[in-house]
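Have a look at it, then try each task before reading its solution.

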Amino acid sequence: MAGKKGNSFRNSADDFQAEEKEVKKPLGGSKLAWIKDERTRRITGAFFILFSLFLFLAFTSHIINLWGFETDQDLLQSSSWSWYSSHNPKGTANMMGFFGAWFGHLFIHKWFGVSSFLILLTFFTLGTKLLFNWQMYPIVKILRYTFFIVVWTSILMGFIFHQSNIFMGGGFGYYGFMWIKSLMGYAGVVLFLLLYAAIFMIVVYNVDFRFNLKPATDTADDLRVDLSDHAMEAEAMRAHLQVKQNKAEEDTGANIVGDEMEGIDIITLNDEHEIEEEMLSDDDGIEAIELEEEAPAAPISFEIPAKPVKTVVPAAGDFELKIESHQEEEIQTPVVQSNISEKAIAAGLDDLYDPTLDLAGYQMPTLDLLQDYEIAKAEIDRTELETSKNLIVETLKNYNISISEIKANIGPTVTLYEIVPAPGVKISRIKNLEDDIALSLAALGIRIIAPIPGRGTIGIEVPNKKPEMVPMRQMVASKKFQECNFELPVILGKTISNEIYLADLSKMPHLLCAGATGQGKSVGLNTLIVSLLYKKHPSELKFVLVDPKKVELTLYNKIERHYLAKLPGDGDAIITDTKLVCNTLNSLCMEMDDRYELLKSAGKRNIIEYNTKFKERKLLPTEGHRFLPYIVVVIDEVADLMMTAGREVETPIARLAQLARAVGIHVILATQRPSVNIITGTIKANFPARLAFRVTSKIDSRTILDSNGADQLIGKGDMLFSTGNDLIRLQCPFVDTPEVERITEFIGNQRGYSGAFELPEFKGDDEGGSKDDFDPNERDALFEDAARLVVMTQQGSTSLIQRKLKLGYNRAGRLVDQLEQAGIVGSFEGAKARKVLIPDEISLEQFLDNLYNK
């Protein structure tokens, strides 16, 4: 069997029809083949549409004539054309002539009255389905609803016009009303109509006593009735195939078996299936019935003899493409969230501590700081969608893979085509056609998701020919972002279905970001930072920015007194020196340890519970407690740090990733070289959230995501986000450098703190002090008290000095540094307390005397 494979649908359809003729020819052919012909179907559809229009005009003219007392009833005593011509030389009153008068008299006068207009809706819907392959509403439901409404309306009209000579309810309505009245009287008629309406509303809608109407789903009985109809059709098909095969055996002595197709052995119907409203049988004559399985139950099987029959793969044009799109609602004025706990307000605590009062006049950035690109909403290019759909279906058809449904989810840069494979088709066969589909579509970035988790479909992602930019202003102005109540909300972008995707950095709790040069990684970092600047007050959030490239994060220097944190004495808040990076990371580890000490003394498990208790004034600053802001550490190019510092950087990063989540310290790592020597196993194990822009190889994709896919992205902000489960394809919002400059300038011009947030002071091994460096004249006034405290307790802890001497953290840290320089306590040992070098108080007094007299 030979068939030509063309690129156009018409050629493929001709080949398909030629193959079908070759299959049917040995079986003797069929004189009724014209019934299934597409042209017959369209002609029938056109007939139903025009017939419904004819009846509409005829009914309308008939009713107008009734009210004008001009009727054709006397002329319709006989349906003979000769009688009509001889008794009606002037013609009929109905504008549609004799046939219009006859149909109007039949439907309006004899049958259902004005409710006959509803019957026309069924004809019109059937016609549009056959001619245009489009329907306003499922035909099965229209038939069901029409039956209910026509009967009810006819009886109601008969009740209203029963004393009139005009039969607005028709003969059915009038005689039905008279019969019910004879049984129950006028009141009974009213009750019957109310009961009938109630039955209809219960069947169609779920009605509660508050009159909230919700469309009802098909009941199990309806499905079983529909199922029985399909079972009968399947039995008829089985018998028809059997007759054809027997006839073929008699004529040719052998069966015609498809060389490349699989035979059909069993057709199984399940009485718990949910039958889809738009069945494939509506598209392909009576050739297939599409069932969507919901739950397994006892199947009803119809066995066909084992002689295989060639299956018919529908042509590409026979599938109706369903298009789904989503638009977010925008809010023009940003909403400033309250910083006071709702639970505390509910408890009636009106004297809560509010950390934002430190900068009471601070104003959040406004929307006008972001560029309004005025991008017109992209119109759906139906031609492009249909072309891609036909090419996908044609490619699958070339490999004898049939599908039962296809729909498209249109995103800003990528369109996801979801296909439902026919029963018996292996997913691996479709997955292996990734390169073939990319070749047929002549597009880059084709990605197949087989299957889509939780949806029971297979996804094919195809880049749009005209990608749409996602402005940051549109994201910030969205209702979803403004009403978000995450602790650290960050905007990641738009999904394939055009939905805004937000994430909570505090739940990630750390983020690993990778991508090749020029693929949008730096813009992605700016998006994360700007998201937080629009939602968090300076008292609630601090940034530690590390920029080895020295040019990417310098824009944020202006917000040093508001949002940035650094080591005491450091000049620039944007850290660029490798040695300062190591000290800063170790200082963050010290801050983490001190925060855990505070949580321990407060009896709380995380920063949210601790800050809530502090706001309720149950934790006092005189006891060493303080409000803990979130700290977000952003390292732009970790590869350079790993090359120059190596283990010195990896160890504190790993410690922060393992322990810092509960105390509000979160790390964002970015690199353009996601190799295994940069992103080590220790780092990957503690960074479950991954953000991958386009990379150059599958190896890099597997390094960052543990799976392929990042190498198939199209760049310019196209990215994959993973939280350890499935991958989500997103389009990163675009925020330009001038926009970031305007935001930082707006913040920097407002009143801020006296300086950047100071981290605990840390000095490396080559910077450690000694006795010779200690100057007694510069010692703190509480130096001796602190020395006696640590010797008496044998615990060299900053938090201990802070609590016992009721000091702030910075002063307590300086005291510990002076004790180390004097030789009373040892050097910093990470999470452990410093070792006390003086055994008792007597030895301490002697030590101090020698120290001062030296």
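**Exercise 1.** At what angle do helix 17 and helix 18 pack, and how many Å apart are their axes?

*Solution.* Keep in mind that this is a predicted model. Start by locating the two elements: helix 17 covers residues 578-602 and helix 18 covers residues 607-615. They pack at an angle of about 60 degrees, and their axes are 10 Å apart. The crossing of helix 17 with helix 18 is left-handed.

Now look at who meets whom. Helix 17 brings Arg595, Leu598, Leu599 and Ala602, while helix 18 brings Ile607, Tyr610 and Lys613. Sorted by type, the residues of this contact are 5 nonpolar, no polar and 2 charged.

**Exercise 2.** Describe how helix 6 and helix 7 pack, and sort the residues of their contact by type.

*Solution.* Helix 6 spans residues 139-160 and helix 7 spans residues 170-204. The angle between them is about 145 degrees, with the axes 9 Å apart. Their contact holds 23 nonpolar residues, 3 polar ones and no charged ones. As for handedness, helix 6 passes helix 7 in a left-handed crossing.

**Exercise 3.** Which residues have the most contacts inside the largest nonpolar core?

*Solution.* A general point comes first: in soluble globular proteins, nonpolar side chains tend to be buried together. Here the largest nonpolar core has 109 residues, and Phe543 and Tyr556 have the most contacts inside it. Helix 17 gives the largest share of this core, 9 residues. To see the surroundings of Tyr556, set aside its neighbours within four places in sequence; its contacts then include Leu533, Leu545, Ile574 and Val740. There is also a second, separate core of 23 residues, with Leu385, Ile406, Ile419 and Leu433 among them.

**Exercise 4.** Is His62 buried or exposed, and is Lys466 buried or exposed?

*Solution.* Take His62, which lies in helix 2 (residues 38-67). Its relative accessible area is 8%, so His62 is buried, since buried means under 20%. Leaving out residues up to four places away in sequence, His62 touches Asn94, Gly104, His105, Ile108 and His109.

Then turn to Lys466, in the loop between strand 11 (458-463) and helix 13 (472-476). Its relative accessible area is 72%, so Lys466 is exposed, as the cut-off is over 50%. Lys466 and Thr413 are 53 residues apart in sequence, yet their C-alpha atoms are 7.4 Å apart in space.

Note on methods
Residues numbered from 1 in each chain as written. Predicted model: local features only at pLDDT ≥ 70, side-chain atom pairs only at ≥ 80, totals over all residues. Heavy atoms only, no water. Helix = DSSP H or I, 4+ residues; strand = E, 2+ residues; numbered from the N terminus. Buried < 20%, exposed > 50% of the residue type's maximum accessible area, 1.4 Å probe, protein only. Axes fitted to C-alpha atoms, helices over the stretch in contact; angles between N-to-C directions. Left-handed = near helix turned anticlockwise from the far one by under 90°. Nonpolar A, V, L, I, M, F, W, Y, C, P; charged D, E, K, R; others polar. Contact = heavy atoms within 4.5 Å. Core = buried A, V, L, I, M, F, W, Y, C linked by side-chain atoms within 4.5 Å.
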